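Please look over the protein shown below before reading the notes that follow it. They begin with the chain as a whole and then turn to its sheet and to a few single residues.

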Amino acid sequence: MVSYAQGVDALNQSLSELRDIDVSFEFFPPKSEKMEQTLWKSVERLAPLKPSYMSVTYGANSGERDRTHDVVKRIQQQTGVAAVPHLTCVDASRDELKQIAKDYWDSGIRRIVALRGDLPPGVQKTEMYASDLVALLKDVADFDISVAAYPEKHPEAPNAQFDLLNLKRKAEAGASEAITQFFFDTSVFLRFRDRAAAAGIDLDLVPGILPVTNYQTLVKFAGFTNVHVPGFLHKMFDGLDDDDQATRNLIGANIAMDQVKVLAKEGVKHFHFYTLNRSELSYAICHMLGVRGNGTK
Ligand SMILES: Cc1cc2nc3c(=O)[nH]c(=O)nc-3n(C[C@H](O)[C@H](O)[C@H](O)COP(=O)(O)OP(=O)(O)OC[C@H]3O[C@@H](n4cnc5c(N)ncnc54)[C@H](O)[C@@H]3O)c2cc1C
């Protein structure tokens, strides 16, 4: 029988293995005054954790690129943390993209998350894919470039191998890092990392971690994005629909903590958090990982 003291020792031992962890946080541009306040409160709360960067999404086809730019600039100026815009190519000409990239470079931005973006309804094909955008950005300046990766396959890709070769093209075009779509089955990420290594893909693979705060929305979103929601997750949230948010947050944080612990033990050193502009869960998970506000890790 394991004593309480042995249990605590084992826990401390496993936490001490989780050292030298880097984190990054993803936000989206707010659409209302209230959302704006939530965003900046979260940025201020998470910035002292000294993340590698904070990234800001851009809704492809939304025509609101300026809002991404404004948030990126303010994060960089206000917190000193490197701010990283997401840039999509599905809704802009090559000339426009070059101009945007030049403006970013001139305002001190050195990393971009380069994406194709979702196709507008009814459109089947596009002139540019993310790999073309990576090449275009590298032509403009020597940006560090992150791209998207899909451990469970991008919904449009005919098969997993096709999608993996697409990731390889993005690496060959000059990307240095790939952030994954969120996932819950940790072995899916580990198998994907093995397949990427076997295919000679030279990219840092950064797992995208989504701490679940709204289970119903998650189930819908996972359906669009081809992400499997395992049975254990359904069971965890079962019966909590009408319970208070704090209870669901505890469950969500617990699931994400288990996920990052396993991944850290498997040698993952960088985690990207889809914060949905909230800080509580990401902050708690980082604290557990040993990423602390006083700069110690
Ligand atoms: C970390 C992350 C961040 C994201 N941020 C944003 C964001 O800020 N804004 C936003 O709008 N969306 C965002 N997305 C969603 C993303 O834009 C969509 O998933 C989009 O559908 C694909 O973008 P991609 O960059 O992966 O495209 P690509 O890498 O270009 O791949 C798109 C699809 O096309 C296929 N493909 C590639 N090349 C070819 C070819 N030559 N011929 C035929 N098929 C090809 C691929 O296999 C894949 O199925 C993000 C996704 C992730 C994982």
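How many positive and how many negative side chains does the protein chain have, and how far apart do the centres of the two sets lie? The protein chain has 34 positive and 39 negative side chains, and the centres of these two sets lie 1 Å apart; here Lys and Arg count as positive and Asp and Glu as negative, while His and the chain ends are not counted, and the place of a charge is taken as NZ of Lys, CZ of Arg, CG of Asp or CD of Glu.

This is a predicted model, in which local features need pLDDT of at least 70 and side-chain atom pairs count only at pLDDT 80 or more, whereas totals for chains, interfaces and linings use all residues. Residues are numbered from 1 along each chain as its sequence is written, and side-chain values use heavy atoms, with hydrogens and water left out.

**The whole chain**

- The protein chain has 11 helices and 9 strands, where helices (H or I, at least four residues) and strands (E, at least two) are DSSP runs numbered from the N terminus.
- The radius of gyration of the protein chain is 19 Å, close to the 19 Å that the globule rule gives for 297 residues, so the chain is as compact as a globular protein of that length; the radius is taken over C-alpha atoms, and the rule is 2.2 Å times the number of residues to the power 0.38.
- Along the principal axes, the C-alpha atoms of the protein chain fill a box of roughly 65 × 45 × 40 Å.
- Of the 297 residues, 48% count as buried, a term that means under 20% relative accessible area, with exposed meaning over 50% and partly exposed in between (1.4 Å probe, protein chains only).
- Among contacts (heavy atoms within 4.5 Å) with a separation of 6 or more, 79% are between residues 24 or more positions apart.

**The sheet**

- An open sheet of 9 strands runs in the order β7-β6-β5-β4-β3-β2-β1-β9-β8, with parallel pairing, and two strands are said to pair if DSSP finds at least two bridges between them.
- The strands β7 (204-206) and β8 (208-209) stand at the edges, each with a single partner strand, so one side of each is left without a neighbour in the sheet.
- Strand β1 (residues 22-27) pairs with β2 in the parallel sense over 4 bridges, and the bridge partner of E26 in β2 is S55.
- From β2 (residues 53-56), Y53 and S55 point one way and M54 and V56 the other way, and all are buried.
- In a regular strand the side chains alternate between the two faces of the sheet.
- Strand β5 (residues 144-149) and β6 also pair in the parallel sense over 4 bridges, with T180 in β6 as the bridge partner of A149.

**Single residues**

- S131 is found in helix α5 (residues 130-140) and counts as buried because its relative accessibility is 11%.
- Leaving out residues up to four places away in sequence, S131 touches R169, K170 and A173.
- D185 lies in the loop between β6 (177-180) and α7 (186-198), and at 28% relative accessibility D185 counts as partly exposed.
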